[in-house]
Amino acid sequence: MPVLSRAERPRTGVFVVALCVAISSLVATGTLAREFRAADTQTEGYPTVQALRYMGSLIAERTSGRHEIKVFHSRQLGEEKETIEQTRAGAIDLNRTNVALIGNFVPAMNVLAMPFLFRSIEHMQKVLDGPVGNEILGSFEPFGFVGLAFYDSGARSIYNGVRPVRSVADLKGLRIRVQQSELMSEMIRSLGAEPVELPYGQVLTGLATHLIDGAENNWPSFVTTDHYKYAGYYTLTEHTMSPEVLVMSLKAWRSLSADDQKVFREAAQRSSQFMREKWRDLEEQSQRKAEAAGVTLIRDIDRKPFEDAMAGIYGKAQRNPDAAALIERIRKVE
């Protein structure tokens, strides 16, 4: 170590003090450069993953490279249930998840996952893009998250490898995989099938080994995971149109300055529109691919008995005044 002369020591001391003040200021204003970790269970080319990367590019541009997002796709940080818990604890900064799973932590999300709640994709988007959606995103903080944006997830339908399902009676006895959600299990049970809660990454093996007879999901998930190779009957029940939601750890959010929080929120909203465009294209491609591979698409079903089977679920949900009010508000949106 070089020995400083008496003349150099005061100048060095001033420099060190100035450096400490500058660092303290950076920490206080949240302007220290940082790489934020984002989790997504979908594959690299999936619209939600592309949307997260698009959001990252917007943030990097707006902050002159000070903040960046590194996207961990394909369950690299764990299955969805695990990543939600890690996000809540602050170990993961951003997380794209389905509302049915995060509903285990944030009650309002269970309402969005209710079967046959939305009349169409257009109805769902109008709800989420309006005051109701903004209020729901604003309800996350008491549970350790910050709601940033909704992503589309299409309509979920039931598929299996045993027989075509044209009525509720055809579901009797089938073992159907559901997300790790009490609400989803209750829905399948109400239809007379046996729910099997499995992580998303285990569904293909479950179908291939006949641990399960089928599952329920949207067109892209049905095809990009190769489920269509083992489940040749796809019934267009469209029982849920539950969206995806992008959340941020409350700990990570509070590390940002007010200006940077605005950047993150605006970038998330823009990524939502970007995702919708990518989603529409993939949904059409996936359906064509499944049908070309010989999947039988059952469209001619009477949906009313499926909807009627949900009476118990709605009766239970509406015993909660907050849930009842939210359901009513959603249904009134034209």
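**Stop 1**

Select Arg 75, which counts as partly exposed at 33% relative accessibility. The words used here have cut-offs: buried means under 20% relative accessible area, exposed over 50%, and partly exposed in between, with a 1.4 Å probe and protein chains only. Before going on, note that this is a predicted model, where local features need pLDDT of at least 70, side-chain atom pairs count only at pLDDT 80 or more, and totals for chains, interfaces and linings use all residues. Residues are numbered from 1 along each chain as its sequence is written, and side-chain values use heavy atoms, with hydrogens and water left out.

Arg 75 sits in the loop between E2 and H3. Helices (H or I, at least four residues) and strands (E, at least two) are DSSP runs numbered from the N terminus. Check the backbone of Arg 75: phi is positive, about 65°, although the residue is not a glycine.

Now pick Phe 116, in the loop between helix H5 (107–112) and helix H6 (121–128). Its phi is also positive, near 55°. Is Phe 116 buried or exposed? With a relative accessible area of 16%, Phe 116 is buried.

**Stop 2: the open sheet**

Display the five strands in the order E2-E1-E3-E10-E4; they form an open sheet with mixed pairing. Two strands pair if DSSP finds at least two bridges between them. Strand E2 (67–72) and strand E4 (145–151) stand at the edges with a single partner strand each, so one side of each has no neighbour in the sheet. On average, neighbouring strands here are turned by 25° against each other, direction ignored.

Zoom in on strand E1 (residues 34–39), which runs parallel to E2 and is joined to it by six bridges. Ala 39 has Phe 72 as its bridge partner in E2. Contact means heavy atoms within 4.5 Å.

**Stop 3: two crossing helices**

Axes are lines fitted to C-alpha atoms, for helices over the stretch in contact, and angles run from 0 to 180 degrees between N-to-C directions.

Then select Arg 270, which is in H12. Leaving aside neighbours within four places in sequence, Arg 270 is in contact with Tyr 54 and Leu 58. The C-alpha atoms of Arg 270 and Met 55 are separated by 7.4 Å, though the two are 215 residues apart along the chain.

**Stop 4: an enclosed strand**

Go to strand E5 (residues 156–160). Five of its five residues are buried, so E5 is largely enclosed by the rest of the structure. Arg 156, Ile 158 and Asn 160 lie on one side, with Ser 157 and Tyr 159 on the other.

E5 runs antiparallel to strand E9 (residues 233–240), with four bridges joining them; Tyr 159 is partnered by Tyr 234. E5 also pairs in the antiparallel sense with strand E8 (residues 214–217), over four bridges, where Ser 157 has Asn 217 as its partner.

**Stop 5: the largest nonpolar core**

Finish with Ile 102, Leu 112, Phe 140 and Ile 330, which touch the most other members of the 52 residues in the largest nonpolar core. Such a core is a set of buried Ala, Val, Leu, Ile, Met, Phe, Trp, Tyr and Cys residues joined through side-chain atoms within 4.5 Å.
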